[in-house]
Amino acid sequence: MRKRWTALLCATAVTAGLLNGCGNAENAGNTADPGNVVAVDEVQQEQAEGETLYIHYMTCRNENDAVILSMQDVAERYHEEHPELDFTFEVESIPDRTSYLQKLKILGASDELPEWFESDPDTWVESISKQGKIYDINSLYDELGVQDKIFDISKEYAKLNDGSLWLMTFQCNTEYFFYHKNMFEDAGITAEPQNFDEFIEACEKLKAKGYTPLAVGSDWPPLRYFAMIPFRMTGNTYIENAVSGKGSFGEEAGLKAAEFMQKMGDFYQIGWTTADSNTMTDLFASGQTAMIYNGTWALADVTDENKELLDDIDYFTMPVYSENDGTAATDFFANSGIGTAVRADAMTDQMKDFIGYLLEHYADAALSHNILPSVMPDAETIAGLPEIYQQVIKDVEGVAQYAKCWDVVIDSASVEPLEKETTSLILGEQSPEEWAANMDAIVKENLENIKSE
């Protein structure tokens, strides 16, 4: 009898980046005709008759990621309670996102997708959903009776633009600026920045006092900074129009953000372009930088053994931009990490039973690994959580409009160019106008390629 849920490591694995990376709208039903009405093939029949469940889970998370560890804990418990089941939960970890996406697209094109795999709600997921290759998660939640047990943000974040839901998510995150209180005090900063002018002023004071204001690593943090002013000005309208070709990256919100980014480059640590997420975290934790922008998936790095914030650490949310902002101060980045799709023809009754069990027990498992789950803990559990965790849950529930991650909403072929163009902009190698023109051209070309496929 098989009993495997240890991580299968991939030779392409390199330093893991934090993947994130977010609402109260009603869940729209999925409408793709081929979706989930699929014939039970011989493999499914064999699984049903032989009490077999095999899950090959291809992930771009590190094998030691808290989400993966939490799932493995639940999978082991499920197997212990179902000794008659020939059960395999096998994780293939490919933390290098470029390598991961390359392999995923190859498998998709050859109809060899694993039972579970990860993706953002991008144009590729939209395409394979219309081909009936993945299961309708909105319908699955209905079938399992768990719609009201999943945080709204954990459903909204994973939806396509048409409101359909094809991805499960397993985290409930907000993002904050964490800072060292003693450095702020030493630099004469008496209050947390409320707007971007005050934020820049705080960075300047810290730098003048000899501190490095901000720790940055990996590709995603600069894109978060970039998104802040456009989000405050327009909600998500600017980025949605820019990545779809309906608008331009050169609109006012984008150019103001580009100017802001060129200022930010003065406040990042030396060598930030080659730093990874671990370096970023270590710089802040060791007191080499005054601030870090990070998500609540990294709370373990700023809390003590009791899961309370360290004495010298505090945090603030995304600043406002002006009195005419299109979003409230309580709106900012909230997300659920990268989503997980289930191959349509792998969705047997046994698979549904396991997913139902996973969602029932996942909250406790995730909290034991210091992350907030997409599944709501019960009221008693929430009441017993440390203060910072309770506050995060309140913040998540208070977000009326969440900021969309640029590297999630843009087509996957444009993600790497966006990262490279942004780095070039921050380094002063091109002007805001040049950056915008380059991005418009890149998006146009890649959207045309998608249409021709």
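Tutor: The side chains of Lys307 and Asn370 are joined by a polar contact of 3.2 Å. A polar contact here is a pair of N or O atoms within 3.5 Å, where within protein one must be able to donate a hydrogen and the other to accept it, and residues adjacent in sequence count only if both atoms are side-chain atoms. This is a predicted model, in which local features need pLDDT of at least 70, side-chain atom pairs count only at pLDDT 80 or more, and totals for chains, interfaces and linings use all residues. Residues are numbered from 1 along each chain as its sequence is written, and side-chain values use heavy atoms, with hydrogens and water left out.

Student: Where is Lys307 placed?

Tutor: Lys307 is in the loop between strand E8 (289-295) and strand E9 (313-316). Helices (H or I, at least four residues) and strands (E, at least two) are DSSP runs, numbered from the N terminus.

Student: And in which loop is Asn370 found?

Tutor: Asn370 belongs to the loop between helix H13 (349-368) and helix H14 (379-383). Its phi is positive, about 65 degrees, although Asn370 is not a glycine. Lys307, also a residue other than glycine, has a positive phi near 65 degrees.

Student: What else does Lys307 contact, leaving aside its neighbours within four places in sequence?

Tutor: With those neighbours left aside, Lys307 is in contact (heavy atoms within 4.5 Å) with Leu367, Ser368, Asn370, Pro386, Ile388 and Tyr389. A polar atom of the Lys307 side chain lies 3.0 Å from the backbone oxygen of Leu367. Lys307 and Leu385 are 78 residues apart along the chain, and their C-alpha atoms are separated by 8.7 Å.

Student: Why is Lys307 classed as partly exposed?

Tutor: Lys307 is partly exposed because its relative accessible area is 24%, and the class lies between buried, under 20%, and exposed, over 50% (1.4 Å probe, protein chains only). Asn370 is partly exposed as well, with a relative accessible area of 22%.

Student: Let us change topic to Glu118: buried or exposed?

Tutor: Glu118 counts as buried because its relative accessibility is 0%. Glu118 is in strand E5 (residues 116-119), and its side chain reaches the backbone nitrogen of Cys60 at 2.9 Å. Not counting residues up to four places away in sequence, Glu118 touches Tyr57, Met58, Thr59, Cys60, Arg61, Tyr100, Leu104, Ile338, Gly339 and Thr340.

Student: How about Glu156, buried or exposed?

Tutor: Glu156 is buried, with a relative accessible area of 12%. Glu156 lies in helix H6 (residues 152-156), and a polar contact of 3.0 Å joins its side chain to that of Lys159. From Glu156 to Asn335 the separation is 179 residues in sequence and 8.7 Å in space, C-alpha to C-alpha.

Student: Now the core: how many residues does the largest nonpolar core have?

Tutor: The largest nonpolar core has 86 residues, and those with the most contacts inside it are Phe199, Tyr225, Phe249 and Trp435. Such a core is a set of buried Ala, Val, Leu, Ile, Met, Phe, Trp, Tyr and Cys residues joined through side-chain atoms within 4.5 Å. Helix H9 (residues 220-234) gives the most to this core, with eight residues. Apart from this core lies another, of 56 residues, among them Ile55, Leu160, Trp166 and Tyr362.

Student: Which residues does Tyr225 contact, beyond its neighbours within four places in sequence?

Tutor: With those neighbours set aside, the contacts of Tyr225 are Phe177, Phe199, Leu214, Val216, Phe260, Met261, Met264, Tyr268 and Tyr293.

Student: Last topic: what volume does the largest pocket have?

Tutor: Its volume is about 1,000 Å³. Of the 39 residues that line the largest pocket, the closest to its centre are Asp122, Thr123, Trp124, Glu126 and Ile450. A pocket is, on a 1 Å grid over the protein atoms alone, an open set of points where a 1.4 Å probe fits, with protein on both sides within 12 Å along at least five of seven lines; lining residues have an atom within 4 Å of a point. Grid points are joined across faces, edges and corners, and a volume is the space filled by probe spheres set on the points.

Student: Which helix gives the most to the lining?

Tutor: H4 does, with six residues.
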